[in-house]
Amino acid sequence: QVQLVESGGGLGPAGGSLRLSCAASGRTISNYAMGWFRQAPGKEREFVAAISRRAGITFYTESVKGRFTISRDNAKNTIYLQMDSLNPEDTAVYYCAADPNVYFSGTYYYNTAVWEYWGQGTQVTVSS
């Protein structure tokens, strides 16, 4: 079992920055692919970014490319999402996800059902 706890959400201005953290416990995340998803009010949960298990290859949805950066610190069992150039469309609850078996082919990993472990989420609100 992996427990995930997100932190770092809050209110930020358009054009500003926030950094989210996801601390894992129960298992070492070096054996897991890790990801960030978000869910805006009235919308489905959507993929934001992911990082592979060993090589640390990163993947992003088109709308955040060049603005968001996912990273992992295996020694701290934590991943991060650095969010820059925020805009109001980034307002959502952000969720951390982990899975030992997800593979990065096509848009397979965009599917929430392939990720086994989830955090409770942290609210990000961007003011215009």
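Two strands pair if DSSP finds at least two bridges between them. Strands (E, at least two residues) are DSSP runs, numbered from the N terminus. Under these terms, four strands form an open, antiparallel sheet in the order S1-S3-S8-S7.

This is a predicted model, in which local features need pLDDT of at least 70, side-chain atom pairs count only at pLDDT 80 or more, and totals for chains, interfaces and linings use all residues. Residues are numbered from 1 along each chain as its sequence is written, and side-chain values use heavy atoms, with hydrogens and water left out.

**The sheet**

- Strands of a sheet pair through backbone hydrogen bonds, either parallel or antiparallel.
- Strand S1 (3-7) and strand S7 (68-73) are the edge strands, each pairing on one side only.
- On average, neighbouring strands of this sheet are turned by 15° against each other, direction ignored; axes are lines fitted to C-alpha atoms, and angles run from 0 to 180 degrees between N-to-C directions.
- S7 pairs with strand S8 (residues 78-83) in the antiparallel sense over six bridges.
- Ser-71 has Tyr-80 in S8 as its bridge partner.

**The disulfide**

- The count is one disulfide (a pair of cysteine sulfur atoms within 2.5 Å).
- This disulfide joins Cys-22 to Cys-96, with an S to S distance of 2.1 Å.
- Cys-22 lies in strand S3 (residues 18-25) and Cys-96 in strand S9 (residues 92-99), so the pair ties together parts that are 74 residues apart in sequence.
- The link of Cys-22 and Cys-96 is left-handed, with -80° about the S-S bond.
- Both Cys-22 and Cys-96 are buried, that is, under 20% relative accessible area (1.4 Å probe, protein chains only).

How values were computed: Buried means under 20% relative accessible area, exposed over 50%, partly exposed in between (1.4 Å probe, protein chains only).
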